[in-house]
Amino acid sequence: MVVQLYLDLLSQPCRSVFIFAKMNSIPFEFESVQLCNGDHFSEQYGKVNPLRKVPALKDGDFALAESVAILLYLSRKCNTPDHWYPSDLQKRARVDEFLSWQHTSIRPNAGIMLWLKVMIPMTLEKTCPAEKLAAAVETLNETLQQFEDKFLQDKAFIAGEEISIADIVAYSELMQAFFAGHDIFDGRPKLAAWQKRVESKIGQDILDEAHKMIQNPKQMTVSQTALEAYKVRILKLLQ
């Protein structure tokens, strides 16, 4: 049975799922959930995912939320090559270690750049306060250093010499900051070399398809419903 994937490719977790499915030739129906239109607030989507977040998966009557859970489900259901989620105990532990860490580190600290550099000007029609942006950049730089020192070290990929789910998640999260206008690779040759290795594995066609929505985030059009919801979040960021 072909699974249904509910995605918005502006979302970094959605891009992780999309890239993984495409790289493994997993057949799926792309169900578009446009966050900028407030589609996730609809009654219809609430029946798929009551958490009202993307991505989500449906496999027949079975529904699943959360990108990491979806990635692992697809890897098991479709019996993807072992390197994605290694059977080797210690390699798998490295993948699990990163996936556990990234929720409170790379995800918020890279993702906030889109909010500060794009969403604040779009929503409030003013630029982000300089001190707020500077503090966010400092925190992100600390996170990037941790990623290099702890998770990359001198390895080609997070789990060793082969790409894994962890690399796809890390790449998608970090590129959110890059496309928001913050060059995270400048002055970081180790990180930049890892980026190139990941991109060479993904392939340009999949990269182009995955990034077509996020490449020019300042050109996004946001509905009034979504705008009001995002304004609440943005005002909290500025406190």
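Analyst: In what follows, Ala, Val, Leu, Ile, Met, Phe, Trp, Tyr, Cys and Pro count as nonpolar, Asp, Glu, Lys and Arg as charged, and the others, Gly among them, as polar. The structure under discussion is a predicted model.

User: Why is the pair of Trp 101 and Phe 151 called tilted?

Analyst: Rings pair if their centres lie within 6.5 Å, and the centres of the rings of Trp 101 and Phe 151 are 4.6 Å apart. Planes under 30 degrees apart count as stacked and those over 60 as edge-to-face; the planes of Trp 101 and Phe 151 stand at 35 degrees, so the pair is tilted. Since Trp 101 belongs to helix H4 (residues 89-102) and Phe 151 to helix H6 (residues 130-152), the pair ties together parts that are 50 residues apart in sequence.

User: How do you know whether Phe 151 is buried or exposed?

Analyst: Buried means under 20% relative accessible area, and Phe 151 has a relative accessible area of 4%, so Phe 151 is buried.

User: What makes the arrangement of Phe 147 and Trp 194 stacked, tilted or edge-to-face?

Analyst: The angle between the planes decides, and over 60 degrees counts as edge-to-face. The rings of Phe 147 and Trp 194 have their planes at 75 degrees and their centres 5.2 Å apart, so this pair is edge-to-face. With Phe 147 in helix H6 and Trp 194 in helix H8 (residues 189-202), the pair ties together parts that are 47 residues apart in sequence. Both Phe 147 and Trp 194 are buried, and together with Phe 98, Trp 101 and Phe 151 they form one aromatic cluster.

User: Which elements give two or more residues to the lining of the largest pocket?

Analyst: The largest pocket, with a volume of about 940 Å³, is lined by 30 residues, of which Gln 12, Leu 35, Arg 107, Trp 115 and Arg 233 lie nearest its centre. Two or more residues come from each of helix H1 (12-23), helix H5 (106-124) and helix H10 (224-237), with H5 giving the most, 7 residues. By class the lining has 17 nonpolar, 8 polar and 5 charged residues.

User: Why are S2 and S4 called edge strands?

Analyst: Two strands pair if DSSP finds at least two bridges between them. The 4 strands form an open sheet in the order S2-S1-S3-S4, with mixed pairing, and strand S2 (28-32) and strand S4 (62-65) each pair on one side only, which makes them the edge strands. S2 is joined by 5 bridges to strand S1 (residues 3-7), and these two strands run parallel; Leu 7 stands opposite Ser 32 in S2.

Terms used. Residues are numbered from 1 along each chain as its sequence is written. This is a predicted model: local features need pLDDT of at least 70, side-chain atom pairs count only at pLDDT 80 or more; totals for chains, interfaces and linings use all residues. Side-chain values use heavy atoms; hydrogens and water are left out. Rings of Phe, Tyr and Trp (its six-membered ring) pair if their centres lie within 6.5 Å; planes under 30 degrees apart count as stacked, over 60 as edge-to-face and the rest as tilted. Buried means under 20% relative accessible area, exposed over 50%, partly exposed in between (1.4 Å probe, protein chains only). On a 1 Å grid over the protein atoms alone, a cavity is a set of points where a 1.4 Å probe fits but cannot get out, and a pocket is an open set with protein on both sides within 12 Å along at least five of seven lines; lining residues have an atom within 4 Å of a point. Grid points are joined across faces, edges and corners, and a volume is the space filled by probe spheres set on the points.
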